[in-house]
Structure formats: structure tokens, C-alpha cells
Amino acid sequence: MRVPLIADPPSSPQPAATPHPGVPAVTTIAAAHTALPPHRYRQEDLTEPIGDLCMVPAADRAVLRRLHASAGVRTRHLALPIERYAGLRDFRESNEAWLTAGLGLAERALTGALARAGLAPADVDLLVCASITGVAAPSLDARLAGRVGLRPDVKRLPVFGLGCVAGAAGLARVHDYLRGHPGGTAVLLCVELCSLTLQKGDASRANLVAGALFGDGAAALVAGGVRPDGGDNGAGPAPAGPAVIATRSHLYPGTEHLLGWDVGAGGFRVVIDPAVPALVRRDLGGQVRGFLAEHGLDTGDIGTWVCHPGGPKVLDAVTDALHLPDDALDPARHSLAAVGNMSSASVLHILQGVTETRRPEPGSWGLLMAMGPGFCSELVLLRW
């Protein structure tokens, strides 16, 4: 069946511990930019086509409709027109579609972020490129380098396997790099075409939940290191975003089975255990409070929460675990409603929106966080 597209909207306390001498204290975020595919659909217009692709029996269609209605998603962007997914015969064709569409979106996200930062591709010293929805060798970043004009000596780090947490973990690793390379410029690029991993003929709950939640897109973030003398890399305008003060990674032992891929002949079959929200509700609060306490802070000191939108149940669990006000995670809920869960790209999309529309007060604190396969969490302390 052919589904009508809809038009796109117009674009639009105490200090941290002092680092060792000669190491920059912070990473400054100069810009973030999101690129979305042109195929944008209302959630209700995708329900029946996805049900057809997954071969959901007629008797279960009411359940499918309720699942889509309760996902917190109003619109999503897909890498391909919805009617083309039925024609993808195997993993090879899906992966080729990921590579073709992903390169175009990657280029738009990267060049858009650099333009916002007032920088050129040749200014980039490190490119971290994350995706869990396709594979390629040479990797996306290598194929992108000559296409956009990165230097031949640019450092590259392609990342696979982190999933939804990669946006936060990637920023943390960029921060690590810039602490050792004062004055450098690093880019984090996340490219996720989740729709191309949907398993045809699979009416399992995990596949249907993924079909209700996930959207496609790419996002890039440009960051620079601050030298010990307080200077930066000397290029571009003053950063519009916050500074990264500190980061924290955490693995939850014995939880590897809760989230990830079951990789087979058909490609990436999603694993989403219903126990994830309960784990978040039980364990996340202690991790966050312990991290903040090391910097003389508590959850009440955080004015801006940039949280990966895993889904309504996960966002409710985060709110409960941290005893947050009901509106604290509104930026995540708004992103989920507008574009769905874009895996690793989502936190960068949310950060861009917060920076451009809410404009946190200078000196205020923020926390960027995400969770992913492992099961793991990543926390990034920010200050505007």
C-alpha cells in the first residue's frame, strides 16, 4: 500500500576537580546538527504497513495499533519510502540501502555541524563515527573523508556495538581525546537507519516494539579542547553549546541478555527485554547520584537533562529513579514524538534542540546520559 508523505516543518555549586598540569580542564561543544531523511510519516500511517511487513495476524492488529499509539511517537523519518521495504530481499540489500542512504545523511550532518561551528572539514583532527544499523569496510568515515574534504591525516574511529549509548559514549571519548590534544577539533558522527533492521515476517513483541519506536537519522557534534592557557583552537566563533566537565561509564554485570542484536542470516534481529525499565528504576539513581556527588552536585543542581529517549517506559523509569520533576525529561519526550528513537543520534538531536531553543543560563549544569547494550550507561556532566 502507498502511504502519503507529510511535509517537514521549517528547520530550525562547586567546580570540577582541577586536572593534572598541562591537561585542558574542559571540552567545549561548538555545534550540533541533525540530518533527517526526506520520507516523513505520521505514526498512524505506518502502523498497518509495518503490520503487513511483520505479518501480524488480523486478530492481533488491535494490539499493534495500541502499541503504536502508546509509543510516544507522532512522526518519524525513514531511509526509504515505506512501500520499498517489502522489496528488500535479504540482509545484503538492506545493508546496501544503509550504506547509500547513510552516506548522504552523514555528509549532511557533518558539513552542517561544521558550518554551524564556523569550521571547515580540513580543521577536523579526529572523527568518531558510530552506527549499529549497518556494517561496511571501508567504514562510513573512510568513505566520507574524501567526499567532504577531510585531511588525509585525519584520525578516524569507527564504532559498532554501542547502540543507543553511543551518542553519550562517543562524546565522552571525544572529551578524553581532547584532554590529551589541547587545541584540537573533534567530531562525533552518529548514523542510524533503524528501519532497515526491521525483520520481515517477525511478529515477535521485540520486533513490533522496535517497529513502533525507532526512526532514522544522523547527527554530528563538533567539539574543541581548551588549552592550559585558556585558549582554544583559534578557529570559528565562540561555542554555542556547553562544556564537558567529566564523564562516567558503567556496566551492569549479568545483564548482557537484556538489549542488543541477535545476528543471523536475516541481519540484525532486535533484542529488547521487558526488564529494562525495572533495571533502570532500580540501579540508575545510585550511579547518577554517586557521579554528581564527586563534583559537589546533586540532581537538584542539574538544570538541563539530555536523556536518550529509549521509550515512554524507560523515560518514566529514569524520572522515578532520579525523583525528577514531571517536565525534566520533556526535551527527550519532544524528540521522541517528533522523530522517534534514533538510537545513538537521539541525544545529539536533543542537545541541538536544547541549545537552540531553551538556551540554558550561563553557569548552569546539565547531564547528558544514555543507556545501551551491555547493559550499560554513560553519563556526561555539562556546564553552560
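A residue counts as buried under 20% relative accessible area, as exposed over 50% and as partly exposed in between, with a 1.4 Å probe and protein chains only. By that scale Phe160 is partly exposed, with a relative accessible area of 45%, whereas Phe268 is buried, with a relative accessible area of 6%. The structure is a predicted model, in which local features need pLDDT of at least 70 and side-chain atom pairs count only at pLDDT 80 or more, while totals for chains, interfaces and linings use all residues. Residues are numbered from 1 along each chain as its sequence is written, and side-chain values use heavy atoms, with hydrogens and water left out.

**Confidence**

- The protein averages a pLDDT (the predictor's confidence in each residue, from 0 to 100) of 89, and 90% of the residues score at least 70.
- Where pLDDT is low, the predicted coordinates should not be read in detail.

**Aromatic rings**

- Rings of Phe, Tyr and Trp (its six-membered ring) pair if their centres lie within 6.5 Å, and planes under 30 degrees apart count as stacked, over 60 as edge-to-face and the rest as tilted; this rule gives four aromatic pairs.
- The pair of Phe160 and Phe268 is tilted, at 5.9 Å centre to centre and with 40° between the planes.
- Phe160 lies in the loop between β5 (155–159) and α5 (166–180) and Phe268 in strand β10 (residues 267–272), so their pair ties together parts that are 108 residues apart in sequence.
- Trp261 and Phe268 form a stacked pair, 5.2 Å centre to centre with 20° between the planes, and Trp261 is partly exposed, with a relative accessible area of 24%.
- Phe91, Phe160, Trp261 and Phe268 are linked by ring pairs into a cluster.

**Helix packing**

- Helix α8 (residues 312–322) packs with helix α9 (residues 330–339) at an angle of about 180°, their axes being 11 Å apart.
- The contact is made by Pro312, Leu315, Asp316 and Thr319 of α8 together with Ala332, Arg333 and Leu336 of α9.

Conventions: Axes fitted to C-alpha atoms, helices over the stretch in contact; angles between N-to-C directions. Helix = DSSP H or I, 4+ residues; strand = E, 2+ residues; numbered from the N terminus. Contact = heavy atoms within 4.5 Å.
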